[in-house]
Amino acid sequence: MGILNLLFLSNFSLFLCGLLHASYAYNVGDRVPLFVNKIGPLHNPSETYRYYELLFCHPDQVFEKKENLGEVLNGDRLENALYELEFLVNKTQTVLCHQKLDRENVAKFRDAIVSDSYYQIYYDDLPLWAFIGKIENESWTPNSKGPKYFLFTHVQFNALYNGNHVIEIHAFSEPNHFVDVSEDVEINVQFTYSVFWNEISTPYKNRMDRYSGTALLPVFQQIHLFTYVNSFGLVILLMGLLAVLYKRHLKGSIGDEEEDKADGWKHIHGDVFRCPTNLPLLSAVVGSGTQLLFLVFILSGLAFLGILYPYNRAALSSLIFISYILSSALAGYNSISLCNQYSETGQEQSVLLAGIIFSVPVLVTTFSLNILAAYFGVTAALPLGTIFVIFLVCTLVAVPLHILGAVVGNRYKTEIQSSSITKKIPREIPQLVWYRKTPVQMFLGGLLPFGAIIMEFHLLCSTIWGHKIYTVPSILLVTFMILAILTALLSVCLTYFQLAVEDHEWCWRSVLRGGSTALFMFAYCIYFYFKSNMSGILQTSFFFGYSALMCYAFFLMLGTVSFRVSSLFVRRIYRVIKRE
């Protein structure tokens, strides 16, 4: 137990330090921390390797920086380097080292250049990138033997400072300093670097803003504006439709027994609160969806407070993991509360299913991909120590919290709403026309919301599977709220149309209608993959594995929103209907 506490506290303390990203002040000549991280193909973001997999200049003793949980989950492997970038000290053509590359290492560098590989460095916690080499196609020349592959041997660092703080840093691979690695022959390489410092007026607290600058370009602002205008138009249209339905079919007839025959939904007031089929599974879906909704708003709130900035994916990974663990009680509470509203049995099953309905697919997918990553030797492979910590935290923290939430929900359970007004014999559902059946309603319930946010979803995919930030948390939150509102309004409309034809099995239908947007999302992910330049078994597996998990999370969240709103709507319109 002491080992567990040590591992967890060390990871948690490092995580907090990363979140707070404390201000580091330097004097002239102070050594600023620099770590090399990883290398990988530009178009395969999941296929990254340790920096020293290629024979770059390295210290006599290479040590790995102690990383927090988020950095490990993000595939970061920070190691020391020979670069010495002292604060405000300019350098020109400083020799880093001399390397003798044998034929095998020359081939490795050439393969990296063919795949447009880059390397990443962290300087004062600021990420920077540079390409390893370049390709020149000489096929147009008479004596050409094909393309030439050149390895860059010089890096120029342009650092910007304000007072005693590092504000920005850029790395440029000098195109005029290179060696030819087109053939498998031994070569001697001299690696050099230069450093130039310039002053800038940007305050230290805003130094991370440039990483999300792409999202604020005019073209992307137009995309955001188009999404909002399109979405608000659909919201107004659906609200108008609901107003018409309420005025013509609900307001004048609720409680009016003389007009019962005019409205089919009144005839099923004795069946509409009947216990749904597979109640434990339904409760688990709603409980897990509520937990994920809470997680989304927690992350958004932390982003607004400045604790989570867009490019710190390591902090994002840590926050997602810790927030999900600590919010486990919500899944247990909401699942058993919903189960208690319809039945006196099945509570144990609902709590168990709520605990595994999302976490098990995540763990199975993650560890399957981890085995694949370990086979290919990429940095995405989690160390055994990290796997051990994750397992213990889930077992000793998430499970007790989940059970605690279930105990609280069972203690403060509400009255079973189906016991007093539900008929003993279910009413037979009339034969439905094709456009009133579940598949068609799922198509309508998913197509309209997805059509409203498709551009933002494309930017989200580009951000996740790319190297630039095309959207920011505030825009994502507004987009998600629009998506939830559209899902809710459509759910109310389609639920009314379902009840109007005396179909009282609305519970599962509402979940499937709301969650169907995730099916369109996954279909777009498939389209996005084939339009991208990603390739290879490893990258393909990572893309579809994590895209499927993301869309599954959207299914649970939107299905929960749809069910909750439909439930409120059904209770409202049947509140004054008397029992026959």
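Predicted model: local features only at pLDDT ≥ 70, side-chain atom pairs only at ≥ 80, totals over all residues.
Strands S4 and S5 run antiparallel and are joined by six bridges; within this pairing, Tyr122 has Pro127 of S5 as its bridge partner. Strands here are DSSP runs of E of at least two residues, helices are runs of H or I of at least four, and both are numbered from the N terminus. Two strands count as paired if DSSP finds at least two bridges between them.

Residues are numbered from 1 along each chain as its sequence is written, and side-chain values use heavy atoms, with hydrogens and water left out.

The four strands form an open sheet in the order S2-S1-S4-S5, with antiparallel pairing. S2 and S5 (126-131) stand at the edges with a single partner strand each, so one side of each has no neighbour in the sheet.

Let us turn to S1. Residues 34-41 make up this strand, and eight of the eight are buried, so S1 is largely enclosed by the rest of the structure. Buried means under 20% relative accessible area, with a 1.4 Å probe and protein chains only.

Finally, helix H11 covers residues 438-464. H11 bends by about 60° at Ile454, the bend being the angle between axes fitted to the seven residues ending there and the seven starting there.

Methods: Buried < 20%, exposed > 50% of the residue type's maximum accessible area, 1.4 Å probe, protein only. Expected span 1.5 Å × (residues − 1).
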